Amino acid sequence: MTVDTGHHPARYPGAADQPTLDTWQEGPHNRWTFAHLGEMIPTASISRRLPATLASDSLDAVALPGLRRRLEETYTDAFLVLHRNKVIAEYYRPGFASDDRHLVMSISKSMCGLVVGALIDAGGIVPSARVVDYVPELTGSAYDGPTIQHVLDMAIHLDYSEDYMDPASEVQTHDRSAGWRTRRPGDPEDTYAFLTTLTGNGTPGNFQYCSANTDVLAWVIERVTGLRYSEALSTYLWSKLDADQDATITVDSAGFGFANGGVSCTARDLARVGRLMLDDGEGPGGRVVSAEWVRSILNGGDREAMADSSFTAIHPRGSYTRQWWCTGNERGNVTGVGIYGQYLWIDPGTDTVIVKMSTWPEPDSEHLHALQNELLLDISRAMDSNALNSNDLNDANTTGPESKETAA
């Protein structure tokens, strides 16, 4: 299925076309592909260390009985508590280490929302403008009419099933187009083409969680900046975090980054994204978004629009805005969430970020979501009782530059 989706950023400067499996070894493509082989062929890491056979943890600073057991019961791979600028607690399951990257699934959406925020702050994107003003190739689709703000808040109607286990669902077709599943005859050739096929009346109104919305935002980002989405994510977010490591993002056959769920990073570096939110949008390497953009997220979205009963069952005053979940609870917790148990949890009252990376046996589980949210709230409350201050943390690791020599 071939669809004209217009011009897209080239994978390397001066490229006349895209490298393929048949051409990547030949010049001039090989000047780029030999250094970016993971975009063409699946690659495996050759680790510099043997995998740990036992879990490692330093959890004593969080006065919560049974914490290690609760982490194990919720399939935790990596867990971290960042208080102010200090890592005060960490846990890694056997075979996983602090410098290993982990897929964060839909926490990727929250990162995309920050890039959009940066471009809105700079005047490059107007939130009240229509999506098709930036991407006319979406004319005639469900995105012909909604504004950027509608897409950011996922407040539009689309014919899109987010049932991760149903082979007939749109989300599985989306995955196949992005190279996450085996392609079927008739599937769109890449994510760009898939997005043009989406139908629905596009009527703004109630919240409808739809992963395609984030990829539409990434397409808008590419059109506004002229950069590949992966490059824009680096330019406007990752390069300003003073991260320990590069993040990665999966790409499709056209080189388009899977903005809605394809980012992998370490737990420590993900905590830096949360720290950015608590620092009013300012990163060690410069401002990412305005303080007003951050406040608009921490203040929560439209509770009347929230139509996700599984979320409101846990957070009755919950909402969603700018690609972030807002609990609406008395603590003002805001979180990025990914399937299979990924959480980036922000507790403004204690100036704390909690990262939990997991591998649940199923993508979505009301039971595990309830357990995990209860755990995160209990940890937040434990931070209240700890009454931590900077003197207590002199011996703890930091996420600043001085941590790079001492991090595990």
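**Basis of the model**

A residue is called buried when its relative accessible area is under 20%, exposed when over 50%, and partly exposed in between (1.4 Å probe, protein chains only). The structure is a predicted model, in which local features need pLDDT of at least 70 and side-chain atom pairs count only at pLDDT 80 or more, while totals for chains, interfaces and linings use all residues. Residues are numbered from 1 along each chain as its sequence is written, and side-chain values use heavy atoms, with hydrogens and water left out.

**Salt bridges**

The whole structure holds 24 salt bridges, each a side-chain nitrogen of Lys or Arg within 4 Å of a carboxyl oxygen of Asp or Glu. R275, buried at 7% relative accessible area, pairs with D279 at 2.9 Å between the closest N and O atoms. D279 is partly exposed, at 32%.

E90 and R268 form another salt bridge, with closest N and O atoms 2.7 Å apart. This pair links distant parts of the chain, joining strand β3 (residues 86-92) to helix α10 (residues 267-278) across 178 residues. E90 is buried at 9%, and R268 is buried at 3%. Helices (H or I, at least four residues) and strands (E, at least two) are DSSP runs, numbered from the N terminus.

**Nonpolar core**

The largest nonpolar core has 108 residues, and Y143 and L270 have the most contacts inside it. Such a core is a set of buried Ala, Val, Leu, Ile, Met, Phe, Trp, Tyr and Cys residues joined through side-chain atoms within 4.5 Å. Helix α3 (residues 107-121) supplies the largest share of this core, nine residues.
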